[in-house]
Amino acid sequence: MPTLHELASFLDSTLDIGAIPDYSNAVNGVQVANFGAINGVATAVDFSTDSVNGAINCGARLLLVHHGMFWGGVQPLTGHRHSRLWALLTHDVAVYSAHLPLDVHPEFGNNALLARRLGLEASGGFARYKTIDVGLSGVSNISTRVVAERAGSLAEEFGGRLVSTPFAVDRMTRAWGVCTGAGADSDTLREASDRGLDTLIVGEGPHHTAVEARELGIVILYVGHYATETLGVRALGEVLAQRFKISSTFVDNPTGL
Ligand SMILES: [Zn+2]
């Protein structure tokens, strides 16, 4: 069975953790160490009491998450934060987090997998952040309704539902942008307009983005922050399972968003 060091070295280099910029609270890489060998990995979108319990219940010694334990900033280790840390340590469960490095990975990143799931072939980047494109873009000749139906089935699979700005039934999507998670904001809309995109597929976004999108002639499909970010951690868990001959279990805790 691999050690945490072996798994983390593989993840750090595969995801290029050191080179990809991120928000300061992301703290990509190992967030909690452990002592024993890693027999199995539990994957989850969010670090939470439920995902910690899910990892313990399936006997995994590693919890791999997209939104890590410091996502909410510096907070006292009291109440539920103390209890879940105690549970991790007493069960010798390590935590590894991968935020933007997982969003952008070309093979099992959230954006690549969402585009593939929708039947869209990417030809470029989208959603600029510092030195990287977090999302993807491409051209297509597909009915917006068909894209919406495919997106809706993903949303429902993970406890959510598709929300979209209005569009005509015969509308076609010819230039699209994908950005999972909180992908719709004034910056991404401006970028979409500059790039001539007609359809944005995102996890979520504030209400004003729907208003702006209509002004710009862009349709936004809000597929769900949670649903769009289940793709990467699950795929990465399978990569670890195959490479290191360990078990991989997805701990599903939909947020409804
Ligand atoms: Zn996210």
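This is a predicted model: local features need pLDDT of at least 70, side-chain atom pairs count only at pLDDT 80 or more; totals for chains, interfaces and linings use all residues.
Biologist: In what order do the five strands of the open sheet stand?
Modeller: Helices (H or I, at least four residues) and strands (E, at least two) are DSSP runs, numbered from the N terminus. Two strands pair if DSSP finds at least two bridges between them. With mixed pairing, the order is β1-β4-β3-β2-β11.

Biologist: Which strands stand at the edges of that sheet, each with a single partner strand?
Modeller: An edge strand here has one side left without a neighbour in the sheet, because it has a single partner strand. The strands at the edges are β1 (29–32) and β11 (247–250).

Biologist: How many degrees does the twist average from one strand to the next?
Modeller: Axes are lines fitted to C-alpha atoms, for helices over the stretch in contact, and angles run from 0 to 180 degrees between N-to-C directions. From one strand to the next, the twist averages 30 degrees.

Biologist: How many residues of strand β2 are buried?
Modeller: Buried means under 20% relative accessible area, exposed over 50%, and partly exposed in between (1.4 Å probe, protein chains only). Strand β2 covers residues 40–46 and is mostly covered. The buried count is six of its seven residues.

Biologist: Which residue in β3 is the bridge partner of T43?
Modeller: β2 and β3 run parallel and are joined by five bridges. In β3, T43 has as its bridge partner L64.

Biologist: Which residue in β11 stands opposite G40?
Modeller: β2 also pairs with β11, in the parallel sense and over four bridges. Opposite G40 stands S247.

Biologist: Which residues coordinate the zinc ion?
Modeller: Donors are N, O and S atoms within 2.8 Å of the metal (3.2 Å for Na, K and Ca); water is not among the atoms, so sites may look incomplete. At 2.1 to 2.2 Å, the zinc ion is coordinated by H67 (NE2), H225 (NE2) and E229 (OE).

Biologist: How many residues apart in sequence are the parts that H67 and E229 tie together?
Modeller: The donor residues are spaced H-x157-H-x3-E. H67 lies in strand β3, whereas E229 lies in the loop between α9 (225–228) and α10 (230–244), so the pair ties together parts whose separation in sequence is 162 residues.

Biologist: Are H67 and E229 buried or exposed?
Modeller: H67 has a relative accessible area of 7% and is buried. At 3% relative accessibility, E229 also counts as buried.

Biologist: Which backbone oxygen does the side chain of S140 reach?
Modeller: S140 is found in strand β6 (residues 132–143). Leaving aside neighbours within four places in sequence, S140 is in contact with residues including L120 and W176. At 2.7 Å, the side chain of S140 reaches the backbone oxygen of T173.

Biologist: With which side chain does the side chain of T173 make a polar contact?
Modeller: T173 is placed in strand β8 and is buried, with a relative accessible area of 0%. A polar contact is a pair of N or O atoms within 3.5 Å; within protein, one must be able to donate a hydrogen and the other to accept it, and residues adjacent in sequence count only if both atoms are side-chain atoms. At 2.8 Å, the partner is the side chain of T199.

Terms used:
Residues are numbered from 1 along each chain as its sequence is written. Side-chain values use heavy atoms; hydrogens and water are left out. Contact means heavy atoms within 4.5 Å.
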